[in-house]
Amino acid sequence: MCGVVALGGLIWRQSTDNSFIEACVFGMIAFSVFAVAAGFGDFRHAGAAARAVEQRESGLNAAEQRFAADLALIVKLLQGHVAANAGYSESLNRANADLPQLRTPEEVRAVVLTLLEENRKIQVKMDDLSKSLDESVSKIEKLRSNLAEANDKAMRDPLTGLGNRRFFDDELDLALEGEGNMCLLMCDLDRFKAINDKFGHAVGDMVLKQFADILNAAASRRDDFAARIGGEEFAVVMPGVSPIEAARLAEQIRRQLEAKKWMLGSGTPLGAVTASFGVARRRAGESSAELFKRADAALYRAKSEGRNRVVADLDA
């Protein structure tokens with residue numbers, strides 16, 4: 001932009017007695033300032049959008065491939081913008097070189113008209129770039145939203161809505177990175193196969209979902225994370241929770257489940273549904289696999305000792 005203003009000044013000094021040239025000089029400067037400002041604004045806009053795009057893992061799915069394609073389009077548009085600006089800069093440089101040799105108002109007028117035409121072209125290209133970038137950014141934002149939704153679904157158990165095993169593994173690893181107390185609660189519905197065999201899988205699914213609701217409600221009151229890790233087995237990652245609190249919460253869940261009155265759609269009572277619970281306290285330097293193994297062993301003890309109880313391995 002400074003080069004354009006300087007060029008206008010040079011022309012002004014050589015043509016102060018020509019009103020037409022004066023008007024052209026003012027027009028040239030105004031168009032240049034507007035065009036360059038618009039160009040920088042669009043470039044910043046595109047740059048912010050590009051920086052917001054996160055790198056994806058290998059093995060892109062269809063949605064991720066569309067995401068990458070739109071990002072590539074933005075890069076291509078910016079490359080075209082840079083090329084157009086380079087051509088415009090060359091026109092300014094040529095005009096700067098020609099100015100000392102100009103002798104007549106007609107020659108000055110021809111240079112100014114050429115620059116005005118170049119300004120018009122660059123403005124058209126910038127307008128097109130801005131429109132294309134806006135469209136691409138809008139598409140990318142929509143794709144990002146779809147990807148976030150797809151990723152969330154990939155981490156959720158479709159039946160209960162709780163986190164799945166992948167979610168559980170990630171949250172357990174993340175919790176182990178923190179300091180202070182951390183406990184893992186494992187739970188398993190007692191004699192669940194008998195429910196499926198007697199009443200059918202639809203009733204079994206109903207029991208799983210309602211038990212998941214109990215776990216989720218208990219976890220939502222703090223920074224815990226509930227997950228269904230397989231079949232009728234569930235887990236709750238409990239960061240920042242003392243061993244006593246973890247055992248107390250497990251007992252509350254056990255009692256709530258045991259006291260629940262289960263009725264089938266026909267009005268037939270289902271009978272009591274119970275669960276066994278194992279709690280383990282994180283040891284210093286312990287891996288997620290080691291903690292999981294101790295919590296699972298506590299759960300196995302609860303099963304072997306008669307079910308419908310809480311067993312805690314709280315040794316530091």
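Helix α7 passes helix α8 in a right-handed crossing, a crossing being right-handed if the near helix is turned clockwise from the far one by less than a right angle, and left-handed if anticlockwise. The axes of α7 (residues 201-220) and α8 (residues 243-259) come within 11 Å and cross at roughly 145 degrees; axes are lines fitted to C-alpha atoms, for helices over the stretch in contact, and angles run from 0 to 180 degrees between N-to-C directions. Phe211, Ile214, Leu215 and Ala218 of α7 meet Leu249, Ile253, Gln256 and Leu257 of α8, contact meaning heavy atoms within 4.5 Å. Seven of these residues are nonpolar, one is polar and none is charged (Ala, Val, Leu, Ile, Met, Phe, Trp, Tyr, Cys and Pro count as nonpolar, Asp, Glu, Lys and Arg as charged, and the others, Gly among them, as polar).

The model is predicted: local features need pLDDT of at least 70 and side-chain atom pairs count only at pLDDT 80 or more, while totals for chains, interfaces and linings use all residues. Residues are numbered from 1 along each chain as its sequence is written, and side-chain values use heavy atoms, with hydrogens and water left out. Helices (H or I, at least four residues) and strands (E, at least two) are DSSP runs, numbered from the N terminus.

Five strands form an open sheet of mixed pairing, in the order β2-β3-β1-β4-β5; two strands pair if DSSP finds at least two bridges between them. β2 (225-230) and β5 (310-313) are the edge strands, each pairing on one side only. Direction ignored, neighbouring strands of the sheet are turned by 20 degrees against each other on average. β2 pairs with β3 (residues 233-239) in the antiparallel sense over five bridges, and valine 237 in β3 is the bridge partner of phenylalanine 225. Helix α5 packs on the sheet, where α5 touches β1, β2 and β3, and the direction of α5 makes about 135 degrees with that of β2.

The axes of α5 (residues 165-176) and α9 (residues 288-304) come within 10 Å and cross at roughly 110 degrees, which makes α5 roughly perpendicular to α9 (65 to 115 degrees). Arg165, Phe168, Leu172, Asp173 and Leu176 of α5 and Ser288, Leu291 and Phe292 of α9 form the contact, with five nonpolar, one polar and two charged residues.

Methionine 182 lies in strand β1 (residues 182-189). Methionine 182 is buried, at a relative accessible area of 1% (buried means under 20%, with a 1.4 Å probe and protein chains only). Residues touched by methionine 182 include Leu172, Leu176, Val237 and Leu291.

Key
Buried means under 20% relative accessible area, exposed over 50%, partly exposed in between (1.4 Å probe, protein chains only). Angles under 35 degrees count as roughly parallel, over 145 as roughly antiparallel, 65 to 115 as roughly perpendicular and the rest as oblique. Lists of a residue's contacts leave out its neighbours within four places in sequence.
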